[in-house]
Amino acid sequence: MYRYATFVLFLTLGIAFQVSHGTEVNVTDKDNQLCLFANLMVNFSVSYEVAENKSTTVEFELPAKVTTEESTCDATSSTLKLNFGEGHSWSVNFTNNGKMYQADTIIFSYNLSDINVFPHSVLNETKTVVVKPHITDIGVNTCYSCKSKDVIEADVVNQTLWNVLIQAFVSNNSISENVTSCAADTPTTPAAPTTPTTSTTTAAPVTNSTSTAPPPTTTPTPTLPTPNTGKYSIKRDENSTACLIANIGLRIGFKQEEMNIDPNGTKVSGSCGVNSSELILTSNIITIVLTFTNDTKKFRLHALNVTGKTSSGVLFSEANSNLSLWEAAVGTSYMCNKEQNYTITSPLTLYTFDLQVQPFGVKNGAFSTAEECFLDSDLSFLVPIAVGVALSFLIILVLISYLIGRRKSRTGYQSV
């Protein structure tokens, strides 16, 4: 029934979709009601490392056959997640304010160990790219349409969207006939010729009096409370136990603004691999991708990608893929209850509270023995003691040097 309604809608709009090459999905809610519809085409261009420190680029399409098990719908946010191939996924996160909706992020994860797509790759890990799409200001109960090609570029990944028809918040179990087209599909009307006019500008009178403007007042940034600790876990499938677990309170600082991550409004996704695992946290305003790697002996937080929006509506995207944080032996967990802060990039700071994470070797869905950070260890109290002892030793050394120097000075006077 839905495919017939979609076909009628396509004819009404005069949109010619190549169904055999496009990807069409219908997502239903817990009541088995249609809540999200999409028919689109996506091309990927990915550069990756091969032998001898060389790189190559492959291009492939989002296939027609995908799975949507992790797609979700609710009143204010929806996620379209398409899983395909051997460990690849492409997802779009939507939010609405009751009147308009938009796509906040596109998350593309690709598995470099898939030799059919990435032959001769020297890496066997899953990579994730987070980008901001150009889908905004779509009325609720309205479809978004864009036949034109929309290229979204990232560091080593380019994504091209075209022949797109999406309705993120479907009501009454049927696709709307209302359509908002992208700017590229909207014809522009040539501007009418204008008649030259002569304008006269009158200069403002200049006075010699000077005045001192009052200094600007600054509002101090309020101190945020400690963020709530989120308990996150990733499963390989619904019938398995967790393969990645993390308890963590998170705060993100971007330039002069800080924001706590609320676990209650955060969706969890990710993947578990042999040498690389990912934890993806997505809310209405921010997406955080934490990538863990291991060398068979120790694991660490290797990369962090944060895409978000400040309280003033400024969009930002910051990433660092050369980290070595939260290191512990594979088969154990890393724990640090004390507050820690890390400068990820120049404008981005990560704050953690009550942290315990295990991205590899999880057994029975529970944390293994924890390796504590230095701040939590029993030896941390020795630091101020050691500093005090060192300062005392330095003072004594200076005092002895002073006394010896003074004694030599007296001896010199007596010889004269």
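What follows is a short exchange on the disulfides of this predicted model.

Me: Why is the pair C35 and C73 called a disulfide?
Reply: Their sulfur atoms are 2.1 Å apart. The cut-off is within 2.5 Å, so the pair qualifies.

Me: What makes the disulfide of C35 and C73 right-handed or left-handed?
Reply: The torsion about the S-S bond decides. It is about 70°, so this disulfide is right-handed.

Me: Which parts does the pair of C35 and C73 tie together?
Reply: C35 belongs to strand β2 (residues 34–50), and C73 to strand β4 (residues 72–73). The tied parts are therefore 38 residues apart in sequence.

Me: How do you know whether C35 is buried or exposed?
Reply: Its relative accessible area is 7%. Buried means under 20%, so C35 is buried.

Me: Why is C73 called partly exposed?
Reply: C73 has 25% relative accessibility. Buried needs under 20% and exposed needs over 50%, so a value in between is partly exposed.

Me: What makes C146 and C182 a disulfide?
Reply: Their sulfurs lie 2.1 Å apart. The limit is within 2.5 Å, so this pair counts. The torsion about the S-S bond is 75°, and the link is right-handed.

Me: Where do C146 and C182 lie?
Reply: C146 is in strand β10 (residues 143–146). C182 is in the loop between β13 (179–181) and β14 (230–235). The pair therefore ties together parts 36 residues apart in sequence.

Me: Why are C146 and C182 called buried?
Reply: C146 has 6% relative accessibility, and C182 has a relative accessible area of 7%. The cut-off is under 20%, so each counts as buried.

Me: How do you know that C336 and C373 form a disulfide?
Reply: The sulfur atoms are 2.0 Å apart. That meets the rule of within 2.5 Å, so the pair is a disulfide. With 70° about the S-S bond, this link is right-handed.

Me: What parts does the pair of C336 and C373 tie together?
Reply: C336 sits in strand β23 (residues 333–336), C373 in the loop between β26 (370–372) and α2 (382–415). So the pair joins parts 37 residues apart in sequence.

Me: Are C336 and C373 buried or exposed, and why?
Reply: C336 has a relative accessible area of 0%, and C373 has 5% relative accessibility. Buried means under 20%, so each is buried.

Me: How many disulfides are there, and what is their pattern?
Reply: The count comes to four. With bonded cysteines counted along the chain, the pattern is 1-2, 3-4, 5-6, 7-8.

Key
Residues numbered from 1 in each chain as written. Predicted model: local features only at pLDDT ≥ 70, side-chain atom pairs only at ≥ 80, totals over all residues. Heavy atoms only, no water. Helix = DSSP H or I, 4+ residues; strand = E, 2+ residues; numbered from the N terminus. Buried < 20%, exposed > 50% of the residue type's maximum accessible area, 1.4 Å probe, protein only.
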